[in-house]
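Q: I'm new to this one and would like a walk through it. Can we take it a piece at a time?

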Amino acid sequence: MEEEVPGGSAEATDTGSEASFKVSQREIEDVEENLKNAEAIFEHLEQLPFQVFILSEFGKPIFVNNDRDEGEVVSLAALICAFVSRCQSWGDSLMSMTSQDNHIQFLHKSPLIFCVVSKYAEQLDQQLEVLFEQICSILSKSQLENVYKKKGDNYDLRKLLRGTDRLIDSSISSWRASPINLVDSSISAIPMNSSDREFLSTTMASCMGAAKLDGALFGIMIARRQIAAIVRFKKYVIHPRDLNILINLVSDTTLKTDSQNWVPICLPRFNDTGFFYAYISYPWCNKDQDIPACLVLLSVKRDHFDGLKEVRQQIVTKLENNAKFFTNFSQAVKTPNLYQISQIGSNSESLWSFLYLNHSSRQVCMSASKIPLITRTERWMARCEMRRSSALSTRHPHLRTLFVRGTKHCLFVWVTDLFSLYCIFGPFVTAAVSFQVVEKLLKSLKSHEQRYFIINTTSF
Amino acid sequence: MSGTRKKALLKVIILGDSGVGKTSLMNQYVNRRFSNQYKATIGADFLTRDVNIDDRTVTLQIWDTAGQERFQSLGVAFYRGADCCVLAFDVTNAASFKSLDSWRDEFLIQASPRDPDHFPFVLLGNKVDLESQRAVSSKRAQSWCQTKGNIPYYEVSAKEALNVEAAFLAIARDALARESQETNDFPEFPDQIRLNPNQQNQQNSGCNC
Amino acid sequence: MAARNSAGGAARPGGPNRTCQFKLVLLGESAVGKSSLVLRFVKGQFHEYQESTIGAAFLTQTVCLDDATIKFEIWDTAGQERYHSLAPMYYRGAQAAIVVYDITNTESFIKAKNWVKELQRQASPNIVMALAGNKADVAQKRTVEYEEANAYAEDNALLFMETSAKTSMNVNDIFMAIAKKLPIGPAQGEPTGTVDMNQPQQQQKGSCCK
């Protein structure tokens, strides 16, 4: 049975979208040989769909995505710095440049400059903000600022970022590959029976509560870049951006799945001056079982490892002891059961794909792949369309509904104060019909909301 | 393995009056010429050169500045973060030699390095192939260098870029030596997050999940 | 809580099949092969392109000696600079440490010596220390001579072996050598102390045995 995750996936280990996106990137890179000449390098870069640069605000390159070496783009980094500082000398700040099909976005967050060159214009500014927060999550904002003050303007930040290339790269690919770049400020839930999710949440909460670890604030079960459950101490909340930073950390095999991990991580939206300590384990990733779920327990105290280790043990034992839950849970995690459009009922055949975002909970629900949007290219097209729609609705905030008829498919966008909905319909649909289908969709989603969304959070 | 050491990157600024021949010198020297067309508009050309010291490669990011008045307002961003500053003058042009003081001072003001007395400068005296027109003697240049903290001096010409290479090798070697002398001064991990009860339930910062 | 509290306190005199738990920490510059050594020791595996460790990884492995079973609680720390100031969190209260360097990288050896100094100053005075010169399988590229490292180890009372996580040379041996040096049984006849991970200031009183 084909694995299904948001956007579709063919391989079991594939987290879906970003892999397909990475494929197209690599294909172009294969053409590259020993590029020594600067012009050749730039010509090559021009062919790529996007390129991200991080440099110090005085021009030293720090990071370039796609496994490139910063040394290759040294003069380009200087140029970026010169552009940004030129504008600054006018008392202005450089935001973006557009040339033919290239969109270049700049972000100056002292002591760093971020720049992305992209063939796609959507929400590049947000993407750079997310990248900045990713860097902050590694160093904390205060350490980032202080290190230049302490060590001098010529400090090479790569020393402090050593070993994180992969982490930063995967952060970039994940937001690039997400169907809508809203996803960086939203999360999605693993579809589960509400009783299962409740059991999971109450188990996690009770174990964390019983441990009485003063400073342990959150417990999160993550699988396939989706959330199974979150529990929190009292009323502390964790921002979706911070959650996505955590998701990025625990996904994509950056961490060792066969050991327990104790990782300092700054969650900038919560507190950008200090670190959480994340106990991260994959209790069922071993030779006997292959359930790709990850348990993350967060504390502000660095000596809580042993306490959290105990908590994890208790959680795992209790979950495993409930055979029915555990079977359902394994199933839900291994082969996520995304929302099938056929669930809407009759006359839903014309709806090919949708993405629904709830504004208050910042949770996203995306439909399972459905013919004719099955192959990678087709799904990629669907993602692009949704991206463009969301960019459109961001640029025109008063836009409430949009129906676009095309020769190959139709687009339906509906934005309210409470939600945003992006749909792709077949080409023979009318606006009236699509509206009817959408109304049925919303009713259906509502009646199944416990399955596709995390409605209640459990506190301890 | 990820995490292996990367090449050292050094930012090198070239300062000096326009007309001293910086550009043709640099063009001889660099292996990756980005472009010569930015100087007139932005105020600098950006060049790259890799040098090898023992088993290490150092990439030099060379900011070949325009040397004209109107670009001096860009000083701060251009000059700050530099690992080294190369001053250039034309040995056949005494005025260009006299400007050196103000170039050096300007640089130190704009860049504000942490240790201005020991900031690495290098002096290049260009156009030594025009010996008959020489207006500044080697001795005079060297004594200036000595008064400024023993700045190394290299005489160069576009026809023979060898000494240019020696100058940059010296820069790279010096920078690497400084790096290894750096005290083992590791960043302190920030103190524990102090939890603020008011942080709970902030509507705009969290999802209700 | 996970305090390693030995039930009853005093160790049983003599007798085989005692199980003792020891905390062991690996320190060393980034990319010298700490994770590879641990992976080889714990799982018997080796990956050519091992990813950088983020934070620290915790694993356990048990070895059997003639008179006891030793369970190692291993902290595989990340070697990058940004984590340096967290190191005390791992070596405080550790009974054993392996400082790892790469025999083809002189700087990693210098760094290793700094680690040894730091441990001598800050870690438990009874900590059993070993120096591992890893990547012995590429000895043709070596820049640190065996004799030099060996002499240094002798001067500082460290166990020393050149290892190769890739070929598994000396990997088990170095852990075994550490195990044999660890104190099994109470120190100076005192009842075995508890080691509470949440109070790192507490004096390390030797091993615990069940």
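Predicted model: local features only at pLDDT ≥ 70, side-chain atom pairs only at ≥ 80, totals over all residues.

Q: Is B:Cys85 buried or exposed?

A: B:Cys85 counts as buried, because its relative accessibility is 0%.

Q: OK, chain A as a whole. What does its secondary structure come to?

A: Chain A has 13 helices and 17 strands. Of its 460 residues, 62% count as buried. Taking the contacts in chain A between residues at least 6 apart in sequence, 62% join residues at least 24 apart.

Q: What is the strand order in the open sheet of chain A?

A: The order is S2-S1-S5-S4-S3, which gives an open sheet of 5 strands with antiparallel pairing.

Q: Which strands stand at the edges?

A: Strand S2 (61-64) and strand S3 (96-99) of chain A do. Each has a single partner strand, so one side of each is left without a neighbour in the sheet. From one strand to the next, the twist averages 15°.

Q: What joins S3(A) to S4(A)?

A: There are 4 bridges between S3(A) and S4(A), and the two strands run antiparallel. In this part of the sheet, A:Met97 stands opposite A:Ile104 in S4(A).

Q: And S5(A), how many of its residues are buried?

A: Strand S5 covers residues 112-118 of chain A, and 6 of its 7 residues are buried, so the strand is mostly covered.

Q: How many bridges join S1 to S5(A)?

A: Strand S1 (residues 50-56) of chain A is joined to S5(A) by 7 bridges, with the two strands antiparallel. One of the pairs has A:Val52 with A:Val116 as its bridge partner in S5(A).

Q: What about S4 and S5(A), how many bridges there?

A: Strand S4 (residues 102-109) of chain A also has 7 bridges to S5(A), again antiparallel. The bridge partner of A:Lys109 in S5(A) is A:Leu112. A hairpin of 2 residues joins S4(A) to S5(A).

Q: Which strands does helix H4 lie across?

A: Helix H4 (residues 124-139) of chain A lies across S1, S4 and S5 of chain A. The helix runs at about 40° to S4(A).

Q: Switching to helices. At what angle do the axes of H9 and H10 of chain A cross?

A: Helix H9 (residues 305-321) and helix H10 (residues 323-334) of chain A have axes that cross at roughly 100° and come within 5 Å. That is why H9(A) counts as roughly perpendicular to H10(A).

Q: Which residues make that contact?

A: From H9(A) they are A:Leu319, A:Glu320 and A:Asn321, and from H10(A) they are A:Ala323, A:Phe325 and A:Phe326. By class, the contact of H9(A) with H10(A) has 4 nonpolar, 1 polar and 1 charged residues.

Q: Over in chain C, at what angle do H1 and H5 pack?

A: Helix H1 (residues 34-43) and helix H5 (residues 171-181) of chain C pack at an angle of about 85°, with axes 9 Å apart. So H1(C) is roughly perpendicular to H5(C).

Q: Which residues meet there?

A: C:Leu37, C:Arg40 and C:Phe41 in H1(C) meet C:Val171, C:Asn172 and C:Phe175 in H5(C). This contact has 4 nonpolar, 1 polar and 1 charged residues by class.

Q: Back to chain A for one residue. Where is A:Ile222?

A: A:Ile222 is in strand S7 (residues 216-223) of chain A. At 1% relative accessibility, A:Ile222 counts as buried.

Q: Which residues is A:Ile222 in contact with, leaving aside its neighbours within four places in sequence?

A: They are A:Ile227, A:Ile247, A:Val250, A:Pro292, A:Ala293, A:Cys294 and A:Val296.

Q: A:Ile247 and A:Val250, which helix has those among its buried residues?

A: Both are among the buried residues of H8(A). Helix H8 (residues 240-250) of chain A is mostly covered, with 10 of its 11 residues buried.

Definitions and conventions. Residues numbered from 1 in each chain as written. Chains lettered and ligands numbered in written order. Heavy atoms only, no water. Buried < 20%, exposed > 50% of the residue type's maximum accessible area, 1.4 Å probe, protein only. Pairing = 2+ DSSP bridges. Axes fitted to C-alpha atoms, helices over the stretch in contact; angles between N-to-C directions. Parallel < 35°, antiparallel > 145°, perpendicular 65-115°, else oblique. Contact = heavy atoms within 4.5 Å. Nonpolar A, V, L, I, M, F, W, Y, C, P; charged D, E, K, R; others polar.
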